[in-house]
Amino acid sequence: MAGTETRANVPVRPSASAVRAAIAGNPNSGKTSIFNHLTGTIQSVGNWPGVTVSRKEGRAFLGDREFVIIDLPGTYSLTAYSLEEVVARNFLIDKQPEAVINVLDASNLERNLYLTVQLMEMNTPLVVALNMIDVAERRQLKIDAAHMAELLGVPVVRTMGNRGEGMRGLLEACVDVADRDVRPGVQRIHYGHEVETEVRALTDVIASDAGVSDAYLPRWVAVKLIEKDEEVHKSIRAVATDVAAIDEAADKAIRAIERHFKEPAEIIIAERRYGYAAGVVRECVTPAGEGAIQDVTDQIDSIVCHRVVGPLLLAGIVYMLFAAVFKVADEWPWLFGRSPSGWVATFFERCQSAISPLGAKAPLLYSLLHDGVIGGVGGVMVFVPLIFVMFMFVAILEDTGYIARVAFILDRALKLFGLQGKSILAMIVAGGLGGGGCAVPGVMATRTLREEKDRLVTMLVTPLMNCGAKIPVYLMLIAAFFANHQAHMMFLMWALSWVVALGAAWLLRRFVVKGEQTPFVMELPAYHMPTVKGVLLHTGERTWMYVKKAGTIILAVNLILWAAMYFPRIDAGAVRAELVKANPGMSDADVDNGVAEIRLSRSIAGRLGTALTPLSKLAGFDWRTNIALIGGFAAKEVIVGTMGTAYAMGEIDPGTSETLSQHLAHDSDWNPVRALALMIFVMVYAPCLVTTAVIRRESGKWRWALFALAYTSVLAFVLAVLVYNVGSLFLAS
Ligand code: BGO
């Protein structure tokens, strides 16, 4: 090193076990003061190689442990905009110090943390010096250093650089991170779902290039390339095996991010870092006393995140969102006399009527088109207005920055169950307010959750809410068996859905999606006025994804289900003759119903329903109920209709379940306990097909979609068997 020693007795070389600790921080954060107090007079001053940026290095001792302290140039960032930034960054990459002391001006934490975020992205062995703590306290800022350490995943030491306080603590922390190689972990900074998807895809490409991944941290390179960092690009060009592949993947990622956000990718990344920094401040700094200067965001937050007002406001907003989504999309006839969902349903009904002449000429083709194709596609498309409106409201809330605040308000309560604040939104959209929701937009709403495990658990329990499709089943059975307690029973079903969902979340967290809930920083971006264009673009993009993916999957499975209920097609004439012979006085209508029932019972689905009876009878379900429940795997909406068909009730309109209700009330095989067991089974079992497909897409793995199907079905069965058997005992006594 070129330089002059300021003390003659400085050893020429540090010992091999010396901890090399670099000091990084913003200018004026107190770096020099800390450096001086750590090293005393054992310093050397010179220039960084090749540049006229001054470099200071010194020695420090803690007992017999030796330290080499390197003072990096003061920088606000680690992008390559200035010589100082390049020098500091290259030192960290090339020299890999065993510890990096990041000096923060505690009285100006948010701005200082921007650099910390970048040091964390590099996964450096970090020690945070919370300096100027006296200035912060004079400004009535109370900083929870322990919580900050927990959030950042690195030690945080309170210091006063001008007085040399906290220096021993800093050296001890350096020994600790150096000896145990403590690092924040590459995944700690999360850029939000959309950016994160691109970062991960690019990281995979970079990680597969041995030249780059041997020299650099792939995720860090990915973020830097998305930020269009020329210096990093130059460096990886020198070592990459296939630079064209990396360039292509980086361009793709940048294009995707810029198309989505309509802003340069580097701005989005910077915004996310500031959001993270703002989140840390909100979590760890108790608001200043009166008289503190607050900007507009702080003023809004003081109301929105208020302990009492916050939850009330949230309840109001969620209620409005919930009411608006279903009213606008599904209930209010505001679009030329109908609701948008009404128009979609009408369109598909008309398509079905249009092909009715085929019924007599080509019954197989007719049934395939009528029930399989149009019924299947229609079943998916009918959700589209709902999803569009839901995404529109969520996009507005997201773009304003409100969703980020929701987490603060509910985080603590939901954490007890292994969920987090934002989970509530998904669950409410899925029907958590008492019914009428839909798990499909609910699962999609989990995108606002940034922690993968929380997102997964929320996704897995969201379908347990009482979606709109389950309500007709409840209404039909309650009307039949609990006519005097309708409101109570509906309330019970609502309460049960929450108990089961929170209980399931708790169990899943403990036994399936294991691991400590990592404390994380919830980004608090500044409030924005959403733009119409931005909201419509986000909404359109997400809706189209739903139509494309879920549409193709449900159509395919619907065709399979249709075939299972249709084949093998036994000869109607023979069955009719058989029926008439056995029951000579039977009316034509009854004969028609009987033929339909026998054909159904001998179809693949019918046989499956019968085959499941030994098991299902434990919960009180017969083969007809089984068929309806099998149909319900596709969509819960079909349960009432299928039961109607299976119970041979003739012209039962699935929308009005009265006839079936009355029939079941008079059926001696049925009783209130069996009805309750069925309601609970329907509430809990298997998310419908579209939801399963969406879970697959959102979790990225079939494994989780199948797990959701399996665990809910097992849980539903166990609960139904319990309710049926315990209830039957009561009924008998
Ligand atoms: C002057 N508390 C307080 N109150 N001040 C601190 C602390 C602290 O914990 N740490 C450092 N300072 P540098 P960079 C000064 O120089 O170490 C003060 O750029 C002055 N100078 O004493 O230089 C420190 O290396 C005249 O203040 O930071 C210094 O990162 C009047 O913060 C300043 C008052 O520290 C910057 C202060 C002629």
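1. At what angle do the axes of helix α5 and helix α12 cross? The axes of α5 (residues 145-152) and α12 (residues 265-284) cross at roughly 145° and come within 9 Å. Axes here are lines fitted to C-alpha atoms, for helices over the stretch in contact, with angles from 0 to 180 degrees between N-to-C directions. Helices are DSSP runs (H or I, at least four residues), numbered from the N terminus.

2. The model is predicted: local features need pLDDT of at least 70, side-chain atom pairs count only at pLDDT 80 or more, and totals for chains, interfaces and linings use all residues. Residues are numbered from 1 along each chain as its sequence is written, and side-chain values use heavy atoms, without hydrogens and water.

3. On the α5 side, H147, M148, L151 and L152 make the contact (heavy atoms within 4.5 Å). Their partners on α12 are Y276, V280, E283 and C284.

4. A nonpolar patch on the surface is formed by I303, V308, V309, L312 and L313, together giving about 440 Å² of accessible area. Patch residues have over 30% relative accessible area and no salt bridge, and nonpolar side chains (Val, Leu, Ile, Met, Phe, Trp, Tyr) are joined within 5 Å. A salt bridge is a side-chain nitrogen of Lys or Arg within 4 Å of a carboxyl oxygen of Asp or Glu. Areas come from the Shrake-Rupley method with a 1.4 Å probe.

5. Helix α14 (residues 309-331) gives the most to this patch, with three residues. L313 lies in α14 and counts as partly exposed because its relative accessibility is 33% (buried is under 20%, exposed over 50%, partly exposed in between).

6. T691, in helix α34 (residues 689-699), is buried, with a relative accessible area of 2%. Leaving out residues up to four places away in sequence, T691 touches A439, V440, V443 and P463.

Definitions and conventions:
Patches are made of residues with over 30% relative accessible area and no salt bridge: like charges are joined within 9 Å, nonpolar side chains (Val, Leu, Ile, Met, Phe, Trp, Tyr) within 5 Å. Helices (H or I, at least four residues) and strands (E, at least two) are DSSP runs, numbered from the N terminus. Buried means under 20% relative accessible area, exposed over 50%, partly exposed in between (1.4 Å probe, protein chains only).
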